[in-house]
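Keep the viewer open as you read.

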Amino acid sequence: MVKRSEKATKMRKLIRAIWIFNWFNSCGFAELVPLVGSRWDMERFGMIIVGTPRHADVLFIAGYQTLKSIKRAKRVYEQMAEPKVVIALGSCTMSGGMYWDSYNTVKRLKDYLPITMYIPGCPPRPEAVFEACEKIFQHVKELE
Amino acid sequence: MIEEIKPESVESAYDLYFGPAHPGSGNFGVKLKVDGERILLARADPGYLHRGFEKLMEYRSPIQNAVLSDRLCVLESLNWNLIHAEAVDALMGIDIPERAKYIRVIMAELSRIQSHIIWYGVLSKGIGFDTGFKMAFGYRDYILDLFELITGGRVYPAGYICPGGVRRDFPKNSTDKILKVLNKMDKMIGLAKIENPTLKARTKDVGILKKKDALRLGATGPVLRASGMKTDVRRDDPYSIYDRFDFTIPVRQEGDSYARYLIGIMEMIESKKIIEQALKELPEGEIIDQSLKKLKISGKIPKGEVYVRNEISRGEAAIYMVSNGMGTPYRAKIRGPDFLHMIPVLEHLLKGTQIADVPAVYWSLNICPADMDR
Amino acid sequence: MVSKESGLVDEIKSNFNISGRAQREQRIFISIRTQDLIEISKWIKKHGYIHLSAISVTDWLEEGLYEIAYHAWSYKDKILITIKTQINRNNPKIKSVSTIWHENAQIHERENHELFGIEFEGNNDLEPLFLEDWSGPPPFKKDFDWRVYVRSEFYTKENERELAYYD
């Protein structure tokens with residue numbers, strides 16, 4: 001019998017299929033909404049989009065954040081219940097990207113929220129998002 | 001002018017915030033003052049996507065701006081690419097080769113069809129018709145595959161329409177592939193044209209915009225055409241080679257959400273006609289002007305000013321570019337159609353409607369918050 | 001053979017004190033004195049220029065001026081006219097045209113008030129539009145250099161991945 005921490009046991013039982021709360025800023029909208037559509041159907045993997053942060057496991061931050069919208073994203077993150085995971089999508093979200101010299105965008109997202117996974121790209125393809133979700137399952141299996 | 005309603009006069013009024021974390025609102029917030037089910041006052045709350053785009057363009061040369069300009073609104077990136085390239089071409093006094101002119105029109109019209117498909121999809125999802133949403137995003141992927149074949153990117157074409165022409169030529173057999181995709185679009189338009197009683201009941205007589213209000217509030221594009229005014233920038237103020245093609249301008253008189261939805265469907269048919277005519281007449285030749293063939297970052301823009309207007313899928317877009325002889329534009333003012341549609345027109349339309357009708361009004365205006373905030 | 005555009009320029013010149021010309025078909029650029037702004041706007045609106053396309057501001061730092069441009073379109077004549085006027089940069093004040101073009105002009109003036117700091121007299125809705133809790137100078141002025149601001153506020157030289165932003 002392998003001895004695991006309490007958090008690891010909880011996560012193995014609860015995260016079998018990911019329920020997403022979407023925080024799609026501009027570019028995220030064009031590449032993540034097709035994931036719900038009929039070509040890259042994400043419901044066959046058990047992932048659905050929920051309307052309230054209380055039901056969600058994962059917060060998808062897709063697209064560049066400004067100082068006004070990161071405050072709302074932080075409040076949404078605080079309202080989610082444990083265990084929770086944050087995924088950052090796109091290069092403008094992680095490091096400023098193409099808007100590195102703008103006065104109003106957020107340059108280092110990890111100063112505001114604890115991020116588990118980064119998906120680079122401008123914007124990343126839908127296959128990249130699926131690979132990221134698979135890595136999350138792998139990460140949860142190896143938690144101790 | 002915005003009227004103030006004193007809260008003491010309506011005792012049961014309360015505030016409701018339809019904000020950015022709501023799944024049905026996009027990246028935009030509206031503050032509502034509500035009495036029971038009826039909205040008394042609406043106040044728009046923009047600014048969640050503001051990056052100061054116009055000043056970012058002042059630090060970059062025209063070739064770098066061509067790559068930046070497709071991120072103005074992600075849902076129709078090739079149309080914004082086109083208007084920026086036209087502004088720089090007009091300032092530099094370049095006349096681009098004939099083949100490049102036809103390729104630009106074909107790509108811009110494909111992007112317009114793709115944007116109208118998104119409009120149909122999110123309008124259906126907002127009022128509860130989920131089949132329309134799944135169908136729309138399924139058919140849109142055929143066009144995105146075409147974009148990937150020709151320009152290299154599904155959503156952002158990396159400055160494909162650049163000052164001087166276009167970046168690279170069509171690959172072999174693209175004409176056949178484009179015609180096959182247009183046949184599939186025929187099927188989708190046929191399915192969308194079926195008179196659906198659900199859609200009709202939820203959007204008929206909702207959000208009526210009269211013609212004199214639309215002209216006073218600054219509406220343009222499909223919103224104005226659904227209220228009875230026959231106008232289109234491609235016909236009245238022709239740019240590129242639109243005066244060589246034969247297409248009609250759909251107009252309706254009622255001004256409600258159902259009329260706006262029908263105009264979207266009819267415009268897709270007209271765009272298809274334009275692409276077919278352009279493909280028949282496509283000549284051979286060069287695709288980029290000789291002086292800009294080797295993409296230089298350090299060229300200088302001659303002194304002058306120019307105001308370019310285009311018809312993008314949401315309405316009238318314009319760029320006012322001023323140059324004082326240096327390598328970067330001195331001022332580039334961008335006028336987007338959504339700046340007027342989302343603040344004055346939306347506040348006017350939401351007054352007096354019920355809360356349950358808000359998605360039908362909101363999504364029928366075909367909004368894109370990125371081009372309002374810039 | 002006088003074109004429609006140069007005919008219109010001559011008609012305005014005979015009524016007011018302006019300078020300007022037709023740039024090409026369907027485009028006219030004229031420069032006026034600031035005190036004539038309301039009269040000229042009323043005149044062209046009566047002649048069919050009912051659609052105000054944009055109000056734009058250019059910051060000429062060396063001459064010390066703001067140049068405000070009003071772009072109006074007529075659906076009847078199909079001509080776009082651009083009216084330019086200049087005001088002092090250090091204490092920028094100008095009368096509002098929201099009595100002529102109503103809500104369309106009001107929202108454009110609200111945006112320019114926030115980004116350039118111009119006072120539009122007569123516009124009663126000049127609250128901040130895009131920014132929340134911003135305490136710096138008006139962002140689009142030419143003496144506010146964004147690259148200097150961003151390097152001191154957001155990035156740091158100790159992080160070796162961010163060294164590339166410093167040259």
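## The surroundings of Ile319(B)

Once neighbours within four places in sequence are set aside, Ile319(B) is in contact with Ile83(B), His84(B), Ala87(B), Val308(B), Ala332(B) and Ile334(B). Here, two residues are in contact if their C-beta atoms, placed from the backbone, lie within 7 Å. Together with Phe60(A) and Ala87(B), Ile319(B) has the most contacts inside the largest nonpolar core, which has 167 residues. Such a core is a set of buried Ala, Val, Leu, Ile, Met, Phe, Trp, Tyr and Cys residues joined through C-beta atoms within 7 Å. Helix α4 (residues 98–127) of chain B gives the most to this core, with 16 residues. In soluble globular proteins, nonpolar side chains tend to be buried together.

A residue is buried if 20 or more other C-beta atoms lie within 10 Å of its own, exposed if 12 or fewer, and partly exposed in between, with C-beta atoms placed from the backbone. Helices (H or I, at least four residues) and strands (E, at least two) are DSSP runs, numbered from the N terminus.

## How to read the model

This is a predicted model, in which local features need pLDDT of at least 70 and side-chain atom pairs count only at pLDDT 80 or more, while totals for chains, interfaces and linings use all residues. Residues are numbered from 1 along each chain as its sequence is written, and chains are lettered from A and ligands numbered from 1 in the order in which they are written.

## Helix α4 against α5 in chain B

The axes of α4(B) and α5(B) come within 7 Å and cross at roughly 160 degrees. That crossing makes α4(B) roughly antiparallel to α5(B). Axes are lines fitted to C-alpha atoms, for helices over the stretch in contact, and angles run from 0 to 180 degrees between N-to-C directions. Angles under 35 degrees count as roughly parallel, over 145 as roughly antiparallel, 65 to 115 as roughly perpendicular and the rest as oblique.

The crossing of α4(B) and α5(B) is left-handed; a crossing has that hand if the near helix is turned anticlockwise from the far one by less than a right angle, and is right-handed if clockwise. Among the residues making the contact are Leu110(B), Ile113(B) and Ile117(B) of α4(B), and Phe133(B), Ala136(B) and Phe137(B) of α5(B). By class, this contact of α4(B) with α5(B) has 11 nonpolar, 4 polar and 3 charged residues. In this count Ala, Val, Leu, Ile, Met, Phe, Trp, Tyr, Cys and Pro are nonpolar, Asp, Glu, Lys and Arg are charged, and the others, Gly among them, are polar.

## Helix α5 against α6 in chain B

Helix α5 (residues 130–150) of chain B also meets helix α6 (residues 174–193) of chain B, with axes that come within 10 Å and cross at roughly 165 degrees. The two helices, α5(B) and α6(B), are therefore roughly antiparallel to each other, and α5(B) passes α6(B) in a left-handed crossing.

On the α5(B) side, the contact includes Met135(B), Tyr139(B) and Ile143(B), while the α6(B) side includes Ile178(B), Val181(B) and Met188(B). By class, the contact of α5(B) with α6(B) has 11 nonpolar, 1 polar and 2 charged residues.

## Where the chains meet

How many residues of chain B are in contact with chain A? The contact involves 23 residues of chain B and 26 residues of chain A. On the side of chain B that touches chain A, α5(B) gives the most, with 4 residues. That side divides into 14 nonpolar, 5 polar and 4 charged residues.

The contact of chain A with chain C takes 6 residues from chain A and 9 residues from chain C. The chain A side of it divides into 2 nonpolar, 1 polar and 3 charged.

## Backbone details worth a look

Most residues other than glycine have a negative phi, and most peptide bonds are trans. Ala158(B) has a positive phi of about 55 degrees although it is not a glycine, and is placed in the loop between α5 and β4 (161–162) of chain B. Ala158(B) is partly exposed, with 15 other C-beta atoms within 10 Å. His102(C), in helix α3 (residues 98–116) of chain C, has a positive phi of about 50 degrees.

A cis peptide bond joins Cys122(A) and Pro123(A), with omega about -10 degrees. Pro123(A) is in the loop between β5 (117–119) and α5 (126–141) of chain A.
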